[in-house]
Every structure is written in structure tokens, then in C-alpha cells.
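Open the model in your viewer and keep the selection tool at hand. Each stop below says what to select and what is there.

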Amino acid sequence: MKVRHYFLIVVLLVICDQLTKLLAYEYLGIDNSIIINEFLSLTFSHNYGAAFSFLADNSGWQRYFLSGISAISSVIISIWILRTSLRCKFKLISLVLILSGAIGNMIDRITNGFVVDFIDFHYSGFNYPIFNFADIFISIGVVVLIIVDWRK
């Protein structure tokens with residue numbers, strides 16, 4: 001696979017992320033929830049901060065700060081992808097996942113001022129912070145990157 005194919009995967013994952021957020025907005029609406037089972041609900045939520053709503057209670061400066069961090073990270077990860085050997089497939093996939101998630105959430109922050117979250121895991125009074133597919137991409141990408149680099 002050529003390096004441009006990895007960037008095509010980024011585009012496809014960002015489209016997937018944005019489409020699911022649009023569907024969540026259309027079918028759930030603000031602060032509505034659909035219970036799937038005792039562990040999972042789809043709950044539309046605005047996240048004005050970073051992961052786990054970190055910085056969400058600030059006056060709005062975090063929108064620009066977090067968008068800037070996402071933009072800088074996206075450039076750095078894109079360069080990293082370009083400089084990574086095509087033989088390092090797992091490393092490239094991990095970077096693609098991280099880049100896709102960063103861009104997906106950056107689009108939300110720039111266009112809406114918040115990130116759309118809608119996947120809500122819970123059980124017996126425990127509620128995991130609501131998240132989205134971009135967050136899943138970033139989390140899996142980071143874990144794979146750590147495993148790949150740790151094995152060397």
C-alpha cells in the first residue's frame with residue numbers, strides 16, 4: 001500500500017466520524033437518549049472541553065486552544081506518516097487512527113464550538129464519560145502505537 005492510501009483511509013474515517021455525529025444530532029437531538037441495553041445508550045451531548053470534558057467549564061478560550069492543539073498535532077502526525085517506512089504497517093495504521101480522530105474532533109470544535117459525543121456506556125450507577133468515534137480512533141491508535149513501539 002502506498003502512503004497516499006493511508007491518507008485516503010484518514011479521509012474515510014473522518015467522514016465516518018462526521019456522519020455518525022450528524023446522525024446522532026438528527027435522530028437524538030440535544031440531551032435526548034435512546035437506551036440500547038443495560039450497558040449502552042445513545043445520548044447526544046456537547047463537549048466543550050477535551051477528553052473526559054477536561055476544561056469544559058472555562059469561558060470559551062479552550063475552543064481555540066484545543067483547535068490549535070489539534071491542528072498542530074495533525075500536521076506533526078501527517079509528517080510522521082510521511083517519514084514512516086511503508087513496512088511499518090501497524091505503526092502507520094495507529095498514526096492514521098490518531099490523525100483521523102484528531103481531525104474529526106477538530107472539525108467539530110471549529111464549526112460548532114464543541115465536540116459532539118453520543119456513545120454512553122453505563123452500568124449499575126457507573127457512567128463512563130460519553131464519547132464518539134473520533135475518540136475511539138484516537139484511543140485505539142494510541143494503544144497500538146504504544147504496543148508497536150514497546151515491542152521494538
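## First stop: a loop residue

Select Ser124, which sits in the loop between strand 3 (115–123) and strand 4 (126–127). This is a predicted model. Is Ser124 buried or exposed? Ser124 is exposed, with a relative accessible area of 67%. Now look at its backbone. The phi of Ser124 is near 45°, a positive value in a residue other than glycine. Most residues other than glycine have a negative phi.

## Step back: the whole chain

Color the chain by secondary structure. There are four helices and four strands. Follow the chain along the sequence and the pattern reads α-β-β-α-α-β-β-α. Next, color by accessibility. The chain has 152 residues, and 39% of them count as buried.

Select strand 2, residues 40–47, and pick out Ser41 within it. Ser41 has 4% relative accessibility, so Ser41 counts as buried. Which side chain does Ser41 touch in a polar contact of 2.8 Å? The partner is the side chain of His122.

Move to Leu42, also found in strand 2. Leu42 is partly exposed, at a relative accessible area of 27%. Leu42 and Leu28 are 14 residues apart along the chain, and their C-alpha atoms are separated by 7.7 Å.

Select helix 2, residues 61–83, and find Ile81 in it. Ile81 is buried, with a relative accessible area of 0%. In sequence, Ile81 and Leu95 are 14 residues apart; in space, C-alpha to C-alpha, they are 6.7 Å apart.

## Helix 3: along its length

Select helix 3, residues 89–112. Helix 3 has 24 residues. From first C-alpha to last, helix 3 reaches 34 Å, close to the 34 Å expected at 1.5 Å a residue.

Pick Leu92 in helix 3. Leu92 is buried, and its relative accessible area is 0%. Leu92 and Tyr6 are 86 residues apart along the chain, yet a separation of 7.5 Å lies between their C-alpha atoms.

Step past the end of the helix. Just after helix 3 comes Gly113, with a positive phi of about 85°.

Keep helix 3 on screen. Two packed helices are described by the angle between their axes and the distance between the axes.

What is the angle at which the axes of helix 3 and helix 4 cross? The axes cross at roughly 150° and come within 7 Å. That makes helix 3 roughly antiparallel to helix 4. The crossing of helix 3 and helix 4 is left-handed.

## Into helix 4

Asn132 is in the loop between strand 4 and helix 4. Asn132 is buried, with a relative accessible area of 0%. Show its side chain. What does the side chain of Asn132 reach at 2.9 Å? The side chain reaches the backbone oxygen of Val116. Look also at the start of helix 4, where a side-chain oxygen of Asn132 comes to within 2.9 Å of the backbone nitrogen of Ala134.

Now select helix 4 itself, residues 133–151. Helix 4 has 19 residues and spans 27 Å from its first C-alpha to its last, close to the 27 Å expected at 1.5 Å a residue.

Which residues of helix 4 are buried? They are Ala134, Phe137, Gly141, Leu145 and Val148. Turn the view until you look down the axis of helix 4. Its buried residues fall within an arc of 70°, so they line one face of the helix.

Note on methods. Residues are numbered from 1 along each chain as its sequence is written. This is a predicted model: local features need pLDDT of at least 70, side-chain atom pairs count only at pLDDT 80 or more; totals for chains, interfaces and linings use all residues. Side-chain values use heavy atoms; hydrogens and water are left out. Helices (H or I, at least four residues) and strands (E, at least two) are DSSP runs, numbered from the N terminus. The expected span of a helix is 1.5 Å times one less than its number of residues. Buried means under 20% relative accessible area, exposed over 50%, partly exposed in between (1.4 Å probe, protein chains only). The arc is that of the directions from the helix axis to the C-beta atoms. A polar contact is a pair of N or O atoms within 3.5 Å; within protein, one must be able to donate a hydrogen and the other to accept it, and residues adjacent in sequence count only if both atoms are side-chain atoms. Axes are lines fitted to C-alpha atoms, for helices over the stretch in contact, and angles run from 0 to 180 degrees between N-to-C directions. Angles under 35 degrees count as roughly parallel, over 145 as roughly antiparallel, 65 to 115 as roughly perpendicular and the rest as oblique. A crossing is left-handed if the near helix is turned anticlockwise from the far one by less than a right angle, and right-handed if clockwise.
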